[in-house]
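Come along and look things up with me.

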Number of protein chains: 2
Amino acid sequence: MQTKPWNFSAGPSMLPPSVLRQAQRELLDWNGQGASVMELSHRGAPFMELARGIESDLRTLLAIPDNYRVLFTAGGATTIQALLALNFAAPNQRADYVVSGHWSQTALKQARPYVNVQIAAQPAPFDRSPDPAEWTWSRDSAFVHYTANETIHGIAQREVPILPADAPPLIADASSSIASEPMAIERLGAIYAGAQKNLGPVGISVLIVRNDLLEREGQPRADIFRYALQAERDSMLNTPPTFNWYLLGLTVRWMLEQGGTRAFRERNERKAHTLYEVIDGSDGFYRNNVQPDSRSIMNVPFFLPSADLDALFVQESQRLGFIGLKGHKAIGGIRASIYNAMPQEGVDALAELMTDFKRRHG
Amino acid sequence: MQTKPWNFSAGPSMLPPSVLRQAQRELLDWNGQGASVMELSHRGAPFMELARGIESDLRTLLAIPDNYRVLFTAGGATTIQALLALNFAAPNQRADYVVSGHWSQTALKQARPYVNVQIAAQPAPFDRSPDPAEWTWSRDSAFVHYTANETIHGIAQREVPILPADAPPLIADASSSIASEPMAIERLGAIYAGAQKNLGPVGISVLIVRNDLLEREGQPRADIFRYALQAERDSMLNTPPTFNWYLLGLTVRWMLEQGGTRAFRERNERKAHTLYEVIDGSDGFYRNNVQPDSRSIMNVPFFLPSADLDALFVQESQRLGFIGLKGHKAIGGIRASIYNAMPQEGVDALAELMTDFKRRHG
């Protein structure tokens, strides 16, 4: 039963319909307070209790070890990318960046004013996640940074790498893959994600950071940029985006009820397989340029034989009620983002369109 | 007709009920898109058009001159306070801060790592907004900063000061007074506000800045911290908090429909007068320590004869369904925040409680 158009947007993206319905029901009167959750003080008991519950649920969902803090921060991952350097590196200390696509480049760019950026690995063209055994880094680096899932290029490093014991802490941008499958957080110094893909709403991000990193001196900066202080104040150093936080909580709770990250791995692999199968079985009509073992199970980009056909495919999809299939302007083509909230049914509908479109235009 | 408890929270605070009802109606299907506004791409035509309309409405509401840009930024005013220094001052350049209460101190603290902070004026105790004629500043300063309304202390500088022609640009934190009454923006270099008081939702802020300030070199910083770049990209350098932006837009539209800032000045003065009249007529039972011409029309703090009575008053108010009357922990006592969304009826209900409470405990 298709209750609404299938939304393949890359982020902001589809939310679970039950989450939106609950938010709708509670919008004017949350938790018996006689007011919207967004009208209440973040320092009042009801919201504080909500926030504690959300952290607890997120710890369960992601199996976050006890020696990590969880920060909920306003805005997106790009801000975190700048603050990583300010908080966890000394001025101009070396930091190593694995560059596997557009978002790795963004991360590196935000850090460049603050650290001595070195490239740990960078395939050309972007068609795979480079083998961690081939990454270069220095023991003196502040950290090694990689992008777990390249949202635009559809390239994933699904397994958290195990670096040698003398390696600096590993930091993962998991904006578009967090909670899509189990992840070995204990191998990481920090992991962060904008929430607007798997964690629900736009306007809030999550940073999970090992305690010892929070003890680093970092660089001169305003208090509002100090993660240790934010941790001390339970992410309420200033007024946090409470409504976004609440929606994130509803989404996390939904994922737990759906069976957690193991259940989502199974579903996501099946959804991705459905699309890659159509692509690989299309005799080259649909092309995906990513090496098979680096293919993302969250974002499936593909190209038709010409830019005209790409455009026609997008047009047809929109007429049929599909949303968000146009590829990112950086690489063009088509992109289907199939985060946790997207059911198999939506993916099947897209696969059907692809098969039909090829029959008519192939 | 009291449809819900009266919410005097300082921020996050009460939203206009009609705004929340519209958001509720549209939460699963906005603008005929078949999806929530928070599920759609910020770069898609529907959201871009929404954003343009919101800026246009805000320009009308606040009478923003053409030579100013309007930025919508994720997070709160505290982040802006750090970024003002990074964007508009050279490293360690002097900047002059008028300190009229808690939030001026916060603004100054965020800037201190980046600029040579000087105090332009600082009354002790905090009982008035210092006379602009007595502010000290240097022609070589990057800017002069003041807080138009001190949310905790209930102290306002309601008229935008006219500084001598050789003064540096004046920057106003108007987080808790923006849109409460007409404001001469053309006298300012920049004005900013967290939205969670008069502009509606938490999680987004507005920065209105004169074009020439955006041309300043500022200090080394990540792209994500560059206001000129954010202006160039229409506040979409990265994924913005779209749902918060949408709610802000609904609130701005509501204020226009209600008659704009002139209408709100009249309402807000009447609401504030109602409360100050009870305070001043209470033979000292209720005390407000602010000098009359610096009294805020947005936040009315007051004290009872003892901390025990303060606590009892808060308790009683909560039992009767009032929300958010407990004063900020920095100064204690009681605080009634009466932003634009609060109707006279709610203030009358509070005045009645105050009169009744005094009769029983005075």
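Before anything else, I noted that two strands pair if DSSP finds at least two bridges between them. Helices (H or I, at least four residues) and strands (E, at least two) are themselves DSSP runs, numbered from the N terminus.

**Ground rules**

I am reading a predicted model, in which local features need pLDDT of at least 70, side-chain atom pairs count only at pLDDT 80 or more, and totals for chains, interfaces and linings use all residues. Residues are numbered from 1 along each chain as its sequence is written, chains are lettered from A and ligands numbered from 1 in the order in which they are written, and side-chain values use heavy atoms, with hydrogens and water left out.

**Entry 1: strand S7 of chain A**

I began with strand S7(A), residues 170-173. On one side I found Leu170(A) and Ala172(A), on the other Ile171(A) and Asp173(A), and all of them are buried. Buried here means under 20% relative accessible area, exposed means over 50%, and partly exposed is in between (1.4 Å probe, protein chains only).

Next I looked for the partners of S7(A). Strand S4(A), residues 144-147, pairs with S7(A) in the parallel sense over 4 bridges, and Val144(A) has Leu170(A) as its bridge partner. S8(A) also pairs with S7(A) in the parallel sense, over 3 bridges.

**Entry 2: Leu84(A)**

I then picked Leu84(A), which sits in helix H3 (residues 77-88) of chain A. Is Leu84(A) buried or exposed? Leu84(A) is buried, as its relative accessible area is 0%.

Which residues does Leu84(A) touch, neighbours within four places in sequence aside? I listed Ala89(A), Phe143(A), His145(A), Ile171(A), Tyr192(A), Leu207(A) and Tyr227(A); contact means heavy atoms within 4.5 Å. I also noted that Phe143(A) is 59 residues from Leu84(A) in sequence, with 9.4 Å between their C-alpha atoms.

**Entry 3: Lys197(A)**

UniProt, in an unreviewed entry, lists Lys197(A) for "modified residue: N6-(pyridoxal phosphate)lysine". I kept in mind that UniProt positions are given in the numbering used here, that feature names are shortened, and that annotations may be inferred rather than shown by experiment.

I found Lys197(A) in the loop between strand S8 (190-194) and strand S9 (204-210) of chain A. Lys197(A) is buried, with a relative accessible area of 11%. Beyond four places in sequence, its contacts are Ala10(A), Gly11(A), Ser13(A), Thr151(A), Ser175(A), Ser176(A) and Tyr339(A). A polar atom of the Lys197(A) side chain lies 2.8 Å from the backbone oxygen of Ala10(A).

A reminder to myself: most residues other than glycine have a negative phi, and most peptide bonds are trans.

I found a cis peptide bond between Gly11(A) and Pro12(A), with omega about 0°. Pro12(A) belongs to the segment before helix H1 (17-26) of chain A. In chain B, the bond from Ala124(B) to Pro125(B) is cis, with omega near -5°. Pro125(B) is in the loop between strand S3 (116-121) and strand S4 (144-147) of chain B.

Asp234(A) is not a glycine, yet its phi is positive, about 55°. Asp234(A) lies in the loop between helix H6 (227-232) and helix H7 (242-257) of chain A, and is partly exposed at 46% relative accessible area.

**Entry 4: a strand pair in chain B**

In strand S10(B), residues 299-302, I saw Asn299(B) and Pro301(B) point one way and Val300(B) and Phe302(B) the other, all buried. S10(B) pairs with strand S11(B), residues 334-337, in the antiparallel sense over 4 bridges. Val300(B) stands opposite Ala336(B) in S11(B).

**Entry 5: how the chains relate**

The same surface serves both copies, since 100% of the contact residues of chain A recur in chain B.

Technical notes: Polar contact = N/O pair within 3.5 Å; in protein donor to acceptor, adjacent residues only side chain to side chain.
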